[in-house]
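Please load the model in your viewer and keep the selection panel at hand.

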Protein chains: 2
Amino acid sequence: MSQSQLATTISNENAEPHPLASQAISGGLCAIENVWVSGVHSGFKHCNKDLALIYFPKGATVVGVFTKNAIQSHHIKYDKKRLNEQATFKAIMINSGNANTFNGPKGDTDVQIMANTLASKLKIQPDEVLICSTGVIGVPMDLSNFDNQVDTLAHNLTAGDSIQAAEAIMTTDTKIKQAAIAFEIEGQLVHLAAIAKGSGMIHPNMGTMLSYLVTDLDLGQETLQQLLKASVNQSFNKISVDGDTSPNDTVLLASTNKVSVKPTKQHILIFQEKLTEICQMMAQEIVADGEGATKFVTVAVKGAADQADAEGIAKQVATSSLVKTAVYGQDANWGRVLSAIGQAQPDYLDPTKIQISFISEKGEILTCKNGQGLVFDEDLAYEILSETDITIAIDLGIGKSQIAVWTCDMTEDYIKINADYRS
Amino acid sequence: MSQSQLATTISNENAEPHPLASQAISGGLCAIENVWVSGVHSGFKHCNKDLALIYFPKGATVVGVFTKNAIQSHHIKYDKKRLNEQATFKAIMINSGNANTFNGPKGDTDVQIMANTLASKLKIQPDEVLICSTGVIGVPMDLSNFDNQVDTLAHNLTAGDSIQAAEAIMTTDTKIKQAAIAFEIEGQLVHLAAIAKGSGMIHPNMGTMLSYLVTDLDLGQETLQQLLKASVNQSFNKISVDGDTSPNDTVLLASTNKVSVKPTKQHILIFQEKLTEICQMMAQEIVADGEGATKFVTVAVKGAADQADAEGIAKQVATSSLVKTAVYGQDANWGRVLSAIGQAQPDYLDPTKIQISFISEKGEILTCKNGQGLVFDEDLAYEILSETDITIAIDLGIGKSQIAVWTCDMTEDYIKINADYRS
């Protein structure tokens, strides 16, 4: 996402503290000391990597946010219980290809077997292990050769780069999603890194995907949990690929606690901002890699009477199949945007004050104003929409509330990918 | 829709009165005496018919139900006002190709010009005319040659068949939607007929489309209004093509009042049932003709704790892009159905009691039970889903509430149609 473009349409809600810019660094999760990572092929998928491990030899404080879907994967019940009972963990193991969801009592048993197997290999306790799964729902896990698979996984651990784990958690993703940044708090260098997967079943309600974040800043489980929840709301909960949520969505944040600073409000706000920044990077990479997507779309709403109206409208526009197909067709079809605004049924709306613009690096075009369409240059509009990074900017002209959410266009390839995913 | 198939999965909520079966008759709206109809090409579309007229030389009592979208077409404001002020009308004129939505003060003026022009041709009063529009949003109407166009329209009036009007209200529809039935109340023959259009921007919230119904039963405006609202809830509000609603959706019911019966509860219930029947016929034809659709899909939910849960789940499943693409791929992907159930966040849900089946004329297959997937014959499942008429039957196993809603599959052609609709 072009930051300058976003800035022209909407300002950052948490703009208060202004620390030094963060610096992108390499290595992914391994940019943080005492984080070892591995990713291998183990048979849950036909041939690609499908088993990932994040290992904290000296332990890490872990917090998590999980799907709000009323059907929840077996691993989520397990992880929630573990996170409720303790703060420190040594390993997170993630498999892709099989969601381990809706597998009856065997589903619960399998989570425990996975944790036990890994713990035995790493010579740690089973309750120091968190487990995650993603993939096809309702297929029992085949763990017949799991002992050997985990052996390979453990032997491949590296402190160099987390790219193999980032690859091993992918399902229909076409791109590896990994980032790491460094920034200063109180003169001390803090690191924050993330990997994520997600491409379909993506919708704003919790983060409908998997993401694993690691930092070295010591803030304690309770504060980390609050910060993660807030950052997820500003990132993963603002994206949509297809309006569908998954029973497996999980975001975990781990801290190796190496860096200690005074837990002042100012310092916490700086970390919150950086956490939101890296979550937004992952969230935006997920929609940019949306199933079949050719365009990254920001829906920026301002001038709303309140935050609920802004959010309702932005999400309705971002999930409208008609808006998303029009963007794919590079058609400045503002009428569909308008319909979606109306469909959101906001508490306050004055149709004569609505303005809808399409923006990209090629320029900006205003399509309607004063309750009617404007005559605009269709060639320029087509050119603007031919870019891969588009903003639909909506000004409701009533109040001061604003929001930006992110989505992608909807293409024939989305249909193709999902018409034969399970088979 | 195969009625037997629906009956096996869900019983009719209004099963109380059991009158003689209704008989399909020909002529569409013209099956009712004193209903003249016309449809012509007038230039709102490039070459197809785009202007329709339903004329009641002896007047008719008219009631209507309109979109709940917060953005409403200019014609809707006008019609609501007219219907609020009087009960009897002589003409309904509908154009397709231009929605006359969001056109500022000119939009309102144009509705009045259209009514005035038609009234003058038919030698009736302008306030005896109702106007409807459907098509592209935000393009001012070109009425420069409207006088001549309405002249042609009036000259083409026929009492023989309403098929030309049914054709003239189509937009992306591929099939004409028209039906007429006759049935007895108190020994008297009552007629009820309908035309409809709709293919995209179809979602359960009011009827997101246009439909015009005519009967000869005299029940008075107030009763007709109540009956229409109830029947729309049982039909047009139970369909979804793409989750998008339109600012132009309108259902009008007109009665020529030729047939009088005692307005007993029993007689009204009979008419209600027949009205729901014909509304469901139109609603089902709309989803069967959904943009790019290859399959008609019934989502039948039973065993819900209450009606709100049943409806929430049915609509979530029916609007899930992932479920709809799986059906297109003929993939018994019950995991996606399960995810959609969970996403609906019903008040009461016991995952271990959920059963999901796929049903067609080729057979029925149960895919999950007791909180886990069943091993099922994938070849038979594929064969069942290869039919064009599919039921996804969900038993929540908790209570007695049930509902059926209708949708279609989602295909590459939906994308193609909508990527270049406006251009």
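Begin with the aromatic side chains: over all chains, the structure holds eight aromatic pairs, a pair being two rings of Phe, Tyr or Trp (its six-membered ring) whose centres lie within 6.5 Å. Planes under 30 degrees apart count as stacked, over 60 as edge-to-face and the rest as tilted. The model is predicted: local features need pLDDT of at least 70, side-chain atom pairs count only at pLDDT 80 or more, and totals for chains, interfaces and linings use all residues. Residues are numbered from 1 along each chain as its sequence is written, chains are lettered from A and ligands numbered from 1 in the order in which they are written, and side-chain values use heavy atoms, with hydrogens and water left out.

**Stop 1: aromatic pairs**

Select A:Phe102 and B:Trp334. Their ring centres are 5.8 Å apart and their planes stand at 55°, so this pair is tilted. A:Phe102 lies in the loop between β4 (88-98) and α3 (104-122) of chain A, while B:Trp334 belongs to helix α10 of chain B, so the pair joins two chains. Helices (H or I, at least four residues) and strands (E, at least two) are DSSP runs, numbered from the N terminus. Both A:Phe102 and B:Trp334 are buried, where buried means under 20% relative accessible area, exposed over 50%, and partly exposed in between (1.4 Å probe, protein chains only).

Next, select B:Trp36 and B:Tyr55. The ring centres are 5.8 Å apart and the planes are at 75°, so the pair is edge-to-face. Distant parts of the chain are linked here: B:Trp36 is in strand β2 (residues 36-40) and B:Tyr55 in strand β3 (residues 51-66) of chain B, 19 residues apart. B:Trp36 counts as partly exposed at 37% relative accessibility, whereas B:Tyr55 is buried, with a relative accessible area of 11%.

**Stop 2: the interface of the two chains**

Display the residues of each chain that are in contact with the other, contact meaning heavy atoms within 4.5 Å. The contact takes 58 residues from chain B and 57 residues from chain A. About 4700 Å² is buried between chain B and chain A, and carbon and sulfur atoms give 56% of that area. Buried area is the accessible area (1.4 Å probe) that two parts lose on being put together, summed over both.

Four residue pairs across the interface of chain B and chain A are in polar contact (both at pLDDT 80 or more). Such a contact is a pair of N or O atoms within 3.5 Å; within protein, one must be able to donate a hydrogen and the other to accept it, and residues adjacent in sequence count only if both atoms are side-chain atoms. Colour the elements that give two or more residues to the side of chain B that touches chain A: α3 (104-122), α9 (321-328), α10 (334-343), β14 (372-373) and α12 (412-419) of chain B. The largest share of this side, seven residues, comes from α10(B).

**Stop 3: salt bridges**

How many salt bridges does a search of the whole structure find over all chains? The search finds 27, each a side-chain nitrogen of Lys or Arg within 4 Å of a carboxyl oxygen of Asp or Glu. Between chain B and chain A the count is zero.

Select B:Glu167 and B:Lys49, whose side chains meet in a salt bridge (3.6 Å, N to O). B:Glu167 is in helix α5 (residues 163-168) and B:Lys49 in the loop between β2 and β3 of chain B, 118 residues apart.

Move to B:Asp108 and B:Lys77, which form a salt bridge at 3.1 Å, N to O. This pair links helix α3 of chain B, where B:Asp108 lies, with helix α2 (residues 74-85) of chain B, where B:Lys77 lies, 31 residues apart. B:Asp108 is partly exposed at 30% relative accessibility, and B:Lys77 is exposed at 52%.

In helix α7 (residues 265-288) of chain B, select B:Glu277 and B:Lys274, which are three residues apart and so separated by about one helical turn. The closest N and O atoms of their salt bridge are 3.6 Å apart. B:Glu277 is partly exposed, with a relative accessible area of 26%, but B:Lys274 is buried at 3%.

**Stop 4: a buried alanine**

Finally, select B:Ala115 in helix α3 of chain B. At 0% relative accessibility, B:Ala115 counts as buried. Leaving aside neighbours within four places in sequence, B:Ala115 is in contact with B:Tyr78, B:Pro126, B:Val129 and B:Ile131.
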